[in-house]
Amino acid sequence: MTAVATSTLVRGARASRSTITLKIMMAGSGALFILYVLAHMYGNLKAFSGESAFNEYAEHLRELGEPMLPYSGFLWLFRAALIIALVVHVYAAVVLWKRAQAARPVKYEVSKRRNSSLSSRTMRWGGLTLLLFLVWHLLNFTIVKVNPTGGETNNPYQLMVDTFGVWWMTLIYLAAMAALGLHLHHGTFSAAQTLGWTNTAASRTRARTAGWVLAVVVAGGFSLVPLFTLFGVID
């Protein structure tokens with residue numbers, strides 16, 4: 001009897017440590033993505049400075065690290081790091097979701113959903129939406145470079161203007177930014193919780209506020225360029 005109880009406790013302790021590790025992996029990979037989207041948003045806002053400034057910024061990214069790295073070498077290393085972080089993030093999310101589903105009774109799940117926020121309820125579907133958008137975004141601007149108007153693709157500024165000049169492309173982009181904002185809001189709070197920064201009511205409020213600030217800044221900042229392009233301010 002004692003041996004069985006001890007074995008059960010050991011398995012439970014291992015599972016608990018594994019869950020904590022997965023949450024830390026999610027928080028760490030998520031932090032890398034936050035740094036990336038902030039830097040990417042800064043680059044996008046260069047569009048307000050005109051075609052020359054935007055294209056110079058795009059070219060400068062490809063020259064980073066020269067001559068130690070080949071042309072575009074830094075970009076590919078950074079993309080590789082982001083891909084690894086994405087795999088880690090998705091893997092940890094899927095495993096944690098499966099464990100949560102297996103551990104929760106149906107009634108508890110229904111009760112929890114009623115008391116949860118919109119950002120937490122849409123976390124998984126929002127994440128899937130962002131993953132699909134990321135694939136399209138890379139095809140649109142980086143890997144294949146698809147111009148929906150049939151125009152040139154080797155001019156980053158013109159490709160951006162042509163893309164966001166199409167209303168349904170802007171709509172897709174804005175919907176993705178809404179999903180990103182909700183994902184950032186709940187993700188920020190979850191990361192703070194994982195790191196033990198939400199032990200008091202005041203700290204939980206600060207974490208939620210930080211999540212909303214980050215969500216509004218990032219989603220709002222990314223939305224400015226497509227909106228101003230669609231309305232003809234950026235042309």
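Modeller: A term to start with: buried means under 20% relative accessible area, exposed over 50%, and partly exposed in between, with a 1.4 Å probe and protein chains only. This is a predicted model, where local features need pLDDT of at least 70, side-chain atom pairs count only at pLDDT 80 or more, and totals for chains, interfaces and linings use all residues. Residues are numbered from 1 along each chain as its sequence is written, and side-chain values use heavy atoms, with hydrogens and water left out.

Biologist: Thanks! How many aromatic pairs are there?
Modeller: The count comes to 8 aromatic pairs. Rings of Phe, Tyr and Trp (its six-membered ring) pair if their centres lie within 6.5 Å; planes under 30 degrees apart count as stacked, over 60 as edge-to-face and the rest as tilted. One of the pairs is Tyr-36 with Phe-78, which is tilted, at 5.8 Å centre to centre and 45 degrees between the planes.

Biologist: Which helices do Tyr-36 and Phe-78 lie in?
Modeller: Tyr-36 lies in helix H1 (residues 2-44) and Phe-78 in helix H3 (residues 73-103), so the pair ties together parts that are 42 residues apart in sequence. Helices here are DSSP runs (H or I, at least four residues), numbered from the N terminus.

Biologist: What about Phe-54 and Tyr-157?
Modeller: Their ring centres are 6.0 Å apart with the planes at 65 degrees, so that pair is edge-to-face. Phe-54 is in helix H2 (residues 51-63) and Tyr-157 in helix H7 (residues 156-164), 103 residues apart. Both Phe-54 and Tyr-157 are buried.

Biologist: Which rings link into a cluster?
Modeller: Phe-133, Phe-141, Phe-164 and Tyr-173 do, through ring pairs.

Biologist: Switching to the backbone: where is the cis peptide bond?
Modeller: Between Glu-66 and Pro-67, with omega about 5 degrees. Pro-67 sits in the loop between H2 and H3, and Ser-72 lies in that loop as well.

Biologist: What is phi of Ser-72?
Modeller: Near 70 degrees, a positive value in a residue other than glycine. Ser-72 is buried, at 12% relative accessibility.

Biologist: And Lys-145, what is its phi?
Modeller: Positive, about 65 degrees, although Lys-145 is not a glycine. For context, most residues other than glycine have a negative phi, and most peptide bonds are trans. Lys-145 is found in the loop between H6 and H7 and is partly exposed, at 26%.

Definitions and conventions:
Helix = DSSP H or I, 4+ residues; strand = E, 2+ residues; numbered from the N terminus.
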